[in-house]
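Please keep the sequence and the model in view while reading.

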Amino acid sequence: MLQDEIDNAQRAVRTDAYQLSVGEIANMYKNGEIIINPDFQRLFRWEIGQKSKLIESILLGIPIPSIFVFERMDSTWELIDGLQRISTIIEFMGELKDQTSSASRPPIALSATKYLSSLKNVVWEKSDQISDLSVEEQKELSASQKLTIKRSRISVEILKRPSDNKTKYDLFQRLNAGGSAANAQEIRNCIIIMVNDNYARFMRDLSIFSGFLAVVSLSDEQIKKQKDMEYVSRFLVHTYIQYDGKLDVEEFIDESIIELATRNETQQARATFNDTFGLLNLAFGSDALRRIQDGGHAGRVGLAAFECIAVGVAKNIAYIQSKPNPVEHLRLKIKEFWDSPEIDNFFSSGLRGTVRIQRTVSFGERWFSV
């Protein structure tokens, strides 16, 4: 049984490997043969010190870890791991394209490193596009130093066709999940882009809806960490896909959002999302998902309340809108919800997410149906 599963999974994956020079990789990028999805640059968060250490390593001959690419139908390579490394090298050379246009981004000047203090203000070529550093202060690499970088070799691991797209998503997630550069939702965002970049844009549009932002009441730091997109993902998944309790919660969200992005149904989902958070905002604003106790709202917005109330309302949005006064009806149901002794089963400490979701979503669907 196990061996059969191993054999079947191995047949789904075809790989190859090359040793390429940095110069070859840079040329392939310029020629459009290696693709860095612009939206992935959300993960490109290295500071100048980290970038300088990478160039230092190349100049010192320290081996650079392998990068992973996916061979697309047109035989171009899509970078799925190694974004920071490749982007840093290409940016240093002044060839990295801007996220929003085909123009190149300004090149960078390096900072001093532990072993190469003279890297401070070093550039590939002098340029007046480098901010905060005049051309006179810049120190251009010598021809031999540029050749050292261009001739340095990087191992390229290739996930080849006919490996299916799901294998690509899985590989991207496994390679990135262990690092500190991206959190679970940032990785999920990239997977959604891989599946359907139109659906990714649709989700981003939902995340900036004023009613939603008012209800979830996120801080700037939470938004920076993609908490808004996490809530959008969870809302769509729990509203449209039934959880069977088999997968870990994060795996379930990952698998389900891929399914939804593949379906690409956005019209009904957008209407349900906007109607749900529009009503919740009118009912209680930023307190809509906060516990009511002693006559007032308290505590923070948590997943249990989000799953019960926001998803419960979404699943019954047509019924609620049919009421003579939907906002007052919703206000009453939310007040009664917090008085219900049954909800203690959702907020107990140590409750596993797999158990919580099976309780919260079904309870919310029933609660707001009457």
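Leaving aside its neighbours within four places in sequence, with which residues is Ala-269 in contact? In this predicted model, the residues that Ala-269 contacts are Phe-202, Leu-236 and Tyr-240. Ala-269 has its place in helix H13, and with a relative accessibility of 2% it counts as buried, because that value is under 20%. Ala-314 lies 45 residues from Ala-269 along the chain, and the C-alpha atoms of the two are separated by 9.6 Å.

**Helices H11 and H13**

Two packed helices are described by the angle between their axes and the distance between the axes. For H11 (residues 227-240) and H13 (residues 267-284), the axes come within 11 Å and cross at roughly 110°, and the two helices are therefore roughly perpendicular to each other. The crossing in which H11 passes H13 is right-handed. On the H11 side, the residues that meet H13 are Val-232, Phe-235, Leu-236 and Tyr-240, while H13 brings Gln-268, Ala-269, Thr-272, Phe-273, Thr-276 and Phe-277 to the meeting.

**Helix H12**

Helix H12 covers residues 249-263, and its 15 residues should span 21 Å at 1.5 Å a residue, which agrees with the 21 Å that separates its end C-alpha atoms. At the start of H12, the backbone nitrogen of Glu-250 has a side-chain oxygen of Asp-248 within 3.0 Å. Just after the helix, Asn-264 takes a positive phi of about 60°. The buried residues of H12 include Val-249, Phe-252 and Ile-253, together with Asp-254 and Ser-256; Ile-257, Ile-258, Leu-260 and Ala-261 are also buried.

Gln-226 is found in the loop between helix H10 (220-224) and H11, and, when residues up to four places away in sequence are not counted, Gln-226 touches Gln-185, Glu-186, Asn-189 and Arg-204. Thr-354 is found in helix H18, which runs over residues 353-367. With residues up to four places away in sequence again left out, Thr-354 touches Tyr-243, Leu-247, Asp-248 and Val-249.

Methods:
Residues numbered from 1 in each chain as written. Predicted model: local features only at pLDDT ≥ 70, side-chain atom pairs only at ≥ 80, totals over all residues. Heavy atoms only, no water. Helix = DSSP H or I, 4+ residues; strand = E, 2+ residues; numbered from the N terminus. Expected span 1.5 Å × (residues − 1). Buried < 20%, exposed > 50% of the residue type's maximum accessible area, 1.4 Å probe, protein only. Polar contact = N/O pair within 3.5 Å; in protein donor to acceptor, adjacent residues only side chain to side chain. Axes fitted to C-alpha atoms, helices over the stretch in contact; angles between N-to-C directions. Parallel < 35°, antiparallel > 145°, perpendicular 65-115°, else oblique. Left-handed = near helix turned anticlockwise from the far one by under 90°. Contact = heavy atoms within 4.5 Å.
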